[in-house]
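I opened the notebook to look up two things, the surroundings of the ligand and the contact between the chains. The entries follow in the order in which I checked them.

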Amino acid sequence: MSASPAKNTKTQSKMMVTDEVVIEISNMNKWFGHFHVLRDIDLIVNKGERIVICGPSGSGKSTLIRCINRLEEHQKGIIKVDGVELNDDVKKIDKIRSEVGMVFQSFNLFPHLTALENCTLAPVWVRKLPKKDADEIAMKYLEIVKIPEQALKYPGQLSGGQQQRVAIARALCMEPKIMLFDEPTSALDPEMIKEVLDTMIELAEDGMTMIVVTHEMGFASKVANRVIFMDEGQIIEQNSPKEFFNNPKSDRTKLFLSQIIDH
Amino acid sequence: METKYSFVRKDLVSEQPPPLTQVGITGWLWRNLFSSMSNFTTVTSSVQSILMIILTIWLLYFCGGQLISIIDFAIISAVWSDPDGLKREVCATVKQGGDLPADWYGACWPFIFAKKKFLIYGRIPNEELWRANLVYAGLFVGMGYIIWEKGQGRKWVGLGMLTLFPVISLILLTGANFDISFNLILWTGILLIVSYLVGYFSSRNYFGEIFEQFSILFNFLALILFLFLALLILFSIDYGLAPIDTLDWGGLLLTLLIAITGIVASLPIGIVLALGRRSNMPIARVLCTMFIEFWRGIPLITVLFAASVLIPLFLPSGANVDKLLRAVIGIILFSSAYMAEVVRGGLQAIPRGQYESASAVGLSYSQSMRFIILPQALTHVLPGIVNTFIGLFKDTTLVSIIGIFEVMGIFRAASQDANWGSHVQHATSYLVAATAFFIFCFGMSRYSIYIENKLSRDNK
Ligand SMILES: Nc1ncnc2c1ncn2[C@@H]1O[C@H](COP(=O)(O)OP(=O)(O)O)[C@@H](O)[C@H]1O
Ligand SMILES: [Mg+2]
């Protein structure tokens with residue numbers, strides 16, 4: 001990065017990891033029927049941390065982050081988000097969901113609403129903001145993801161990269177404490193990947209707590225302060241990006257890294 | 001060195017008109033008609049072309065013949081007036097005692113003119129027709145306004161048409177002033193107050209956590225009781241209108257009344273049933289599935305006979321629910337089962353990602369249904385919904401078999417009038433009935449196609 005030293009220190013200070021714990025997962029297990037998809041997961045995330053999760057397809061990465069906002073239910077162990085334990089209490093779950101933003105691989109925008117309406121729906125109905133304030137916030141975030149001029153278009157009229165940025169803005173409009181990304185660039189054409197990654201880098205520089213499932217190793221080494229490698233439903237290795245890429249400990253990690261780099 | 005293949009265009013080609021086979025009437029005829037029957041390059045395509053030519057000629061001959069006989073019946077051979085008030089004789093052949101040739105076959109329009117009032121209103125007394133006219137006027141003006149895109153506040157007019165208009169219409173048509181027992185009003189009132197208070201206090205957590213979850217249920221119950229009480233009181237007031245028996249309502253008025261009530265009620269009930277059938281709660285799912293399968297499993301005729309003959313046997317003596325009301329409720333339940341399945345099809349077409357992203361932004365179940373899932377699902381299945389509406393509209397003719405005189409019943413009754421007895425009255429009646437049904441059903445179909453196009457234009 002060729003940023004000036006002044007900017008660098010500012011960025012550094014914003015990207016500081018605090019010691020306030022926002023997600024605490026201990027001894028968590030999940031099954032799909034008989035299939036043991038997540039096994040003994042322990043993970044602590046501090047406020048301001050940027051975590052990248054990688055691992056082979058089917059290793060349970062999506063399931064893990066979907067457990068954090070309870071799109072999936074876990075069967076054993078404890079997940080605490082912002083100090084609140086996830087259980088069957090619907091009210092708590094709704095509250096957690098409004099504090100945790102999520103971005104999906106397939107965008108999942110609401111096709112019958114414009115980009116702006118996609119962004120204002122939840123603020124109006126969940127945060128109970130007046131329509132005018134919600135519009136303002138939505139425009140603010142659409143500007144942050146650099147597509148304010150597309151606000152009145154429907155998702156079908158936007159390119160994949162633009163749709164994914166609207167999806168990021170939609171999540172940000174709830175002003176969440178934590179953002180979850182599930183392979184946000186996997187469904188995109190190569191020339192659009194960069195625009196989405198740039199948006200995510202900016203978010204990270206603003207100090208957002210992020211958990212990102214991705215195979216974009218450039219992104220991981222640039223913004224992550226921890227990389228987690230998963231295989232067969234377990235966390236096999238976690239380390240700083242530098243150590244993780246240069247000096248992987250487990251054989252599976254080595255194999256995985258050689259596979260995604262050799263092509 | 002220059003190669004031989006080198007080529008640079010000097011003059012750009014200007015835009016040229018398309019060939020005649022692409023545009024205008026000739027183009028249309030070519031694309032839709034002749035292109036399929038003028039290819040003789042190979043054996044198969046020649047055979048295809050010849051078959052298409054034969055099929056086309058046969059269709060032209062057959063449809064043309066049918067069209068000509070209908071025009072002949074309805075216009076050319078038809079009797080148009082009855083200046084001398086002959087009634088029966090004006091449409092009778094020589095043999096039947098009239099002046100027309102023995103092989104005469106044409107429409108008898110004087111008969112329809114004479115029965116006009118009967119066909120439009122049924123047996124409502126002449127001096128009360130203004131009440132039915134008010135209902136007709138309200139209906140057409142209100143619907144027209146909702147359809148008219150530039151109208152201000154169409155939403156509010158629509159809401160009024162769904163809530164106030166039916167109540168006012170029923171008061172006008174029945175005359176209200178029902179003899180409703182004081183006890184019924186009293187008990188409804190007491191239940192209303194109780195459920196309101198329980199709802200109020202449980203939502204403020206007076207009775208503990210468990211009750212709090214049910215507070216919505218009590219509030220809902222209170223709302224229903226309130227509406228019921230309001231209706232009881234509204235219909236027991238004497239507005240100075242002479243009572244009209246519902247069995248005197250008839251003809252077009254009754255057909256529209258049954259069809260519109262059925263359509264308006266079956267959509268929301270169908271939506272609730274469809275959501276219930278897909279819900280995670282086993283009780284709701286089982287109840288909704290049973291309800292849907294039960295009503296889909298019996299023919300409408302059986303439902304109507306049960307409503308007219310069977311139900312009264314089970315009612316406590318003295319309790320008397322209007323026969324028309326029973327039939328209408330039967331029709332509503334019957335068509336909401338069909339509607340539920342149509343809506344369920346739409347719900348299944350919504351990708352899981354939509355449900356997930358709706359919950360991920362924090363929308364509750366009812367919010368995500370209302371803002372995300374149902375708008376998309378209902379748009380997908382609009383053709384199916386309108387299909388069910390049209391089916392329901394036509395099925396209203398079945399109530400004539402339990403002695404309720406909607407359009408078909410009234411036509412049958414009219415053509416049996418001895419004063420008009422002649423061999424053409426049935427055919428004339430059915431032609432008019434078919435035309436009336438066609439106008440309404442075709443209108444619905446066109447309007448739905450218009451809405452479909454509009455929605456897909458908006459979303460693309
Ligand atoms: N809803 C589900 N029902 C049953 N099995 C599932 C379901 N979702 C995912 N799985 C299985 O769980 C495993 C982990 O899936 P996932 O978390 O999506 O993996 P990843 O995101 O790492 O590719 C896979 O083997 C997948 O087939
Ligand atoms: Mg995945």
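I began with the elements around the ligand, and found that β2 (35–46) and α2 (61–68) of chain A each supply at least two residues of the shell around ligand 1; helices (H or I, at least four residues) and strands (E, at least two) are DSSP runs, numbered from the N terminus. α2(A) gives the largest share of that shell, three residues.

Before going further I noted that this is a predicted model, in which local features need pLDDT of at least 70 and side-chain atom pairs count only at pLDDT 80 or more, while totals for chains, interfaces and linings use all residues. Residues are numbered from 1 along each chain as its sequence is written, chains are lettered from A and ligands numbered from 1 in the order in which they are written, and side-chain values use heavy atoms, with hydrogens and water left out.

I then listed the shell itself, where a residue is near if one of its heavy atoms lies within 4 Å of the molecule. Ligand 1 lies between chains A and B, and its surroundings include A:F32, A:F35, A:V37, A:K61 and B:R352.

Next I looked up distances to oxygen atoms of ligand 1: a polar backbone atom of A:G58 is at 2.7 Å, a polar side-chain atom of A:K61 at 2.8 Å, and a backbone N or O atom of A:S59 at 3.2 Å. Taken alone, ligand 1 exposes 560 Å², and the protein buries 61% of that (Shrake-Rupley method, 1.4 Å probe; for residues, only the protein chains shown count as cover).

Turning to the interface, I found that the contact (heavy atoms within 4.5 Å) takes 26 residues from chain A and 22 residues from chain B. The area buried between the two chains, that is, the accessible area (1.4 Å probe) lost on putting them together, summed over both, is about 1,900 Å², of which carbon and sulfur atoms give 58%. A:F110, A:H112 and A:W125 supply 28% of the area that chain A buries against chain B, more than any other three residues.

Last, I checked salt bridges (a side-chain nitrogen of Lys or Arg within 4 Å of a carboxyl oxygen of Asp or Glu), and the rule finds two across this interface. In one salt bridge, the side chains of A:R66 and B:E356 meet at 2.6 Å, N to O.

Key: A polar contact is a pair of N or O atoms within 3.5 Å; within protein, one must be able to donate a hydrogen and the other to accept it, and residues adjacent in sequence count only if both atoms are side-chain atoms.
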